[in-house]
Amino acid sequence: MPPYSSCDLTQDLQRLQVEAGDILFVHSSFKSLGPVEGGADSVIQALEAAIGQEGILLMPSFNLITWELRPKTWDLDNTPSTVGWITERFRQLPCVYRSDHYSHSVAARGRGAKAFVDGHLRQEGYGSHWDRKPWGKTFGLHSPMYRAYQAGGKLLMLGVDYYTSTYVHLVETMYWLTLRGKRGDTEREPAFPALDRVKLGAFWDRSGELERGRVGDADCRLFQICSYVDTLLAEVERNPKQYLR
């Protein structure tokens, strides 16, 4: 079988309902796509062709090395992304902007991309156990992931399973705020909740609104970030013991 072209992948993305003007956050596995003519660059070209000039392409560019080393190794322009070859190649491209966070930075290109990832040093919004000064709230109100949630963005899971779904961490931060609000005056602050991403993913597959299909050889899912986060949060609040690890 000949390798997939960028055009082939664009057509697959469009069949999956990736649309012009989308704010598209992508978790990806390059290997899952099968042979691709032009490698990771062609995948990125396909994604950008599908969302058009009015869209914004977002990818994690996380620095997920040993916890203690993350702050020491962080350099906005040079620290590599550790979450896949497509994300690392994207980070290196011209006109790609990266948010300034030692652990959970996000890279973006497209209309308004620079402003979209600015502000990750700010302190407003949901707290988490990844927060560390001088960096801002990891999933706070000015973080790119929260902005994509708020702005009607979509999440594309390109050949990956729910274990990679970092948006569950946003659910955790929201649920932690709920837990902290319920404590009494004499009670300790509750521990940050660790949720089972795989179990929540299975629930979402059964109950959520999502598109499923293939891009190249990769099994993919596409859905609205807001619907995903809000639905999972409501489920965790109903049945916390089922999902807490």
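I call a residue buried when its relative accessible area is under 20%, exposed when it is over 50%, and partly exposed in between (1.4 Å probe, protein chains only). Helices (H or I, at least four residues) and strands (E, at least two) are DSSP runs, numbered from the N terminus.

This is a predicted model, in which local features need pLDDT of at least 70, side-chain atom pairs count only at pLDDT 80 or more, and totals for chains, interfaces and linings use all residues. Residues are numbered from 1 along each chain as its sequence is written, and side-chain values use heavy atoms, with hydrogens and water left out.

**Helix α8**

I started with α8, residues 197-207. Which of its residues are buried? I found Arg197, Leu200, Gly201, Phe203 and Trp204. They cover an arc of only 160 degrees around the axis, so they sit on the same side of α8. The arc is taken from the directions that run from the helix axis to the C-beta atoms. An α-helix has 3.6 residues a turn, so residues three or four places apart point the same way.

Next I looked up what covers these buried residues. The cover includes α7 (167-182), β7 (218-224), α9 (225-238) and α10 (240-243). Contact here means heavy atoms within 4.5 Å.

I then checked the N-terminal end of α8. Asp196 caps it. A side-chain oxygen of Asp196 lies 3.1 Å from the backbone nitrogen of Val198.

**Cysteines**

How many disulfides are there, taking a disulfide as a pair of cysteine sulfur atoms within 2.5 Å? The count comes to zero. Cys7 is in no disulfide, and its nearest cysteine sulfur, that of Cys220, is 17 Å away. From the Cys220 side, the closest cysteine sulfur is in Cys7, and 17 Å is too far for a bond. Cys7 is partly exposed, at 47% relative accessible area. Cys220 is buried, at 3%.

Most residues other than glycine have a negative phi, and most peptide bonds are trans. I went looking for exceptions.

Gln17 is not a glycine, yet its phi is positive, about 85 degrees. I placed Gln17 in the loop between α1 (6-15) and β1 (23-28). Gln17 is partly exposed, with a relative accessible area of 35%.

Cys95 also has a positive phi, about 65 degrees, without being a glycine. Its loop runs between α4 (85-92) and β3 (97-98). Cys95 is exposed, at 54% relative accessible area.

Last, I noted a cis peptide bond from Lys133 to Pro134, with omega near 15 degrees. Pro134 lies in the loop between α5 (113-117) and α6 (144-150).

Technical notes. Disulfide = S-S within 2.5 Å. Polar contact = N/O pair within 3.5 Å; in protein donor to acceptor, adjacent residues only side chain to side chain.
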